[in-house]
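Keep the picture open as you read.

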Amino acid sequence: MTEVLAPLPVLIPLLGAAGALLVSGHPVFQRALSVAVLTAVLGVSVALLFVADAESASSVSVGGWPVPLGIVLVVDRLSALMLVVASTVALGVLVFAVGQGAADGQEETPLSIFHPTFLVLVAGVSNAFLAGDLFNLYVGFEILLMASYVLLTLGGTAARIRGGITYIIVSLTSSLVFLAAIGLVYAATGTVNMAQLAVRLGELPEGTQVLLQSMLLIAFGIKAAVFPLSAWLPDSYPTAPAPVTAVFAGLLTKVGVYAIIRTQTLLFPGGALDDLLMWAALATMLIGILGAVAQSDLRRMLSFTLVSHIGYMVFGIALGTAAGLAGAVFYVAHHIAIQTTLFLVAGLVERQGGTTSVDRLGGLARRSPLLAVLFFVPAVNLAGIPPLSGFIGKLGLLQAGVAEGSALAFTLVAGGVVTSLLTLLAVARIWTRAFWRSPSQPPAEESAAAAAADATSRRRPDGVPVEDGAASADGRPRTALQDAWRRHTAVATATEPDVAPAAGAVRALRPLPRTMVGATAGLVALTVSLTGLAGPLYGLADRAAGDLLDRTPYVTSVFGTEEVP
């Protein structure tokens with residue numbers, strides 16, 4: 001059964017992308033085709049998960065080429081679980097994008113470009129999860145990165161181009177490091193098949209092993225946004241359209257984390273760099289969350305929490321124990337769903353309030369109680385409030401750290417607790433200022449600035465000084481305080497989250513389209529269901545961790561025997 005199903009998560013989206021291009025002149029058909037394709041991918045992924053959990057790991061050699069010459073796709077519990085979670089959130093984001101496209105036309109998500117590119121992105125993610133050799137993993141990364149370059153710059157605004165340039169430069173750098181590492185691995189071992197490397201790398205001198213491991217960790221650390229390789233992310237993600245930002249935040253960094261898990265456990269099980277990974281995990285958690293606390297923009301705050309919570313996953317990987325890996329696998333699945341959902345909610349907040357800057361928001365809970373609920377539930381889950389899945393995942397990781405017992409592990413446990421508390425502080429600040437603060441109360445900074453300007457004088461747009469009560473450039477009398485108040489209460493017409501509303505640009509609030517709200521509510525329900533299904537999901541993560549540490553199921557699935565040529 002695996003021989004038939006394993007290639008489909010890659011093949012179906014690629015064929016769907018070609019079909020979406022063919023019907024690009026018919027938006028309704030294109031939307032329906034894209035949704036049908038991702039629904040099919042989700043169904044295949046669920047089937048693969050059941051097969052993998054029942055039969056352990058299995059593989060297929062694409063094209064019938066003998067191993068290790070051909071492309072090998074490996075399905076085990078970890079890769080199948082990642083496929084299910086990734087295809088689920090991708091389907092939710094696509095439905096959100098369909099609703100946004102139907103409501104706004106092609107301003108934010110040009111249909112002829114967005115849908116095929118999105119499907120190619122999903123194919124790249126699936127290929128990375130299934131890859132049985134390093135070069136095919138590299139190909140998976142390049143497929144998703146090429147698609148992400150297009151998606152990130154949709155709309156062509158200056159901020160998106162700037163963010164896209166940063167993202168492209170960083171991604172190309174990591175790809176070059178990864179490709180160089182693959183070349184060195186092949187030169188040292190004569191293969192890039194990961195099942196063969198599991199045996200042959202252990203025969204190399206220790207210094208060579210550390211060099212190869214370091215290069216792979218640098219490449220994957222950039223992609224996963226592990227500190228100090230994470231500075232690019234907060235400036236790149238917030239500029240993209242809401243559906244693009246959501247799928248990037250949910251999936252792209254987790255593909256990097258998946259690659260770290262796979263290579264650390266299968267290729268370098270000795271733990272030579274575990275202490276270094278622990279320090280990197282601690283720095284990622286603390287520096288990321290301190291950045292989040294300092295933000296006044298919802299998207300940037302979420303981008304920093306994304307970086308911060310990558311540290312929890314790296315912590316579990318660095319522990320190298322069954323409990324640590326199980327906690328990391330569970331937390332990856334949890335965080336994909338939570339982070340994607342929160343970025344979709346940020347898109348709804350921007351649509352409702354005209355901006356994601358909390359200094360210019362207020363009263364959202366009164367305007368849209370449903371939107372308040374959609375933010376509150378995943379936000380407290382991200383912060384780890386019991387009994388939600390975020391708490392369960394963090395508790396598992398902290399217990400694994402305590403069980404490990406070293407001073408460094410206890411330091412990471414303390415750092416994890418502090419990070420969780422600061423995450424709660426960050427989301428609480430957003431909640432109180434954007435949702436609970438009365439919209440009739442202007443922010444203190446703007447009020448003070450307006451009062452200072454009002455006490456002296458100001459200038460018209462053409463540079464001519466205008467005293468209090470004098471006519472502005474459009475002929476209407478207006479004081480500086482009134483201008484500041486109009487800026488606070490106006491709804492922005494700009495698409496960028498950090499662009500202030502123009503003075504006087506008042507228009508009626510746009511209603512939230514049902515399709516966008518429904519897609520977001522569906523993902524919120526998914527995050528809640530992770531709490532109810534935490535027992536079975538954690539059991540699956542435990543079994544996946546056992547396979548990762550054993551390595552035998554993976555090697556046997558590729559070669560049919562423990563004897564590797």
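Before we start, here is what counts as a helix: a DSSP run of H or I with at least four residues, numbered from the N terminus. What you're looking at is a predicted model, where local features need pLDDT of at least 70, side-chain atom pairs count only at pLDDT 80 or more, and totals for chains, interfaces and linings use all residues. Residues are numbered from 1 along each chain as its sequence is written, and side-chain values use heavy atoms, with hydrogens and water left out.

How do you look for holes in a protein? Rolling a probe the size of a water molecule over the atoms shows where empty space is left. A cavity is a set of points, on a 1 Å grid over the protein atoms alone, where a 1.4 Å probe fits but cannot get out, and its lining residues have an atom within 4 Å of a point. The volume is the space filled by probe spheres set on those points, which are joined across faces, edges and corners. Searching the whole structure this way turns up 3 cavities of 30 Å³ or more.

The largest cavity holds about 100 Å³ of space. Among the residues around it are F141, Y167, W232 and Y237. Helix 6 (134-152), helix 7 and helix 9 (206-224) each bring at least two lining residues, and helix 7 gives the most, with 4. The lining splits into 9 nonpolar, 2 polar and 1 charged. Here Ala, Val, Leu, Ile, Met, Phe, Trp, Tyr, Cys and Pro are nonpolar, Asp, Glu, Lys and Arg are charged, and the others, Gly among them, are polar.

Now for the second largest cavity, with about 70 Å³ of space. Its lining includes D76, R262, D547 and R551. Helix 11 (242-266) supplies the largest share, 3 residues, while the residues as a whole divide into 5 nonpolar, 2 polar and 4 charged.

Let's head back to helix 7 (residues 158-189), which also contains I161. Is I161 buried, exposed or partly exposed? I161 counts as partly exposed because its relative accessibility is 35%; buried means under 20%, exposed over 50%, and partly exposed in between (1.4 Å probe, protein chains only).

Last stop: R514, in helix 21 (residues 514-532). With 78% relative accessibility, R514 counts as exposed. The C-alpha atoms of R514 and A103 are 9.7 Å apart, although 411 residues separate the two along the chain.

Technical notes. 1 Å grid on protein atoms, 1.4 Å probe; cavity = no way out; pocket = protein on both sides within 12 Å on 5 of 7 lines; lining within 4 Å.
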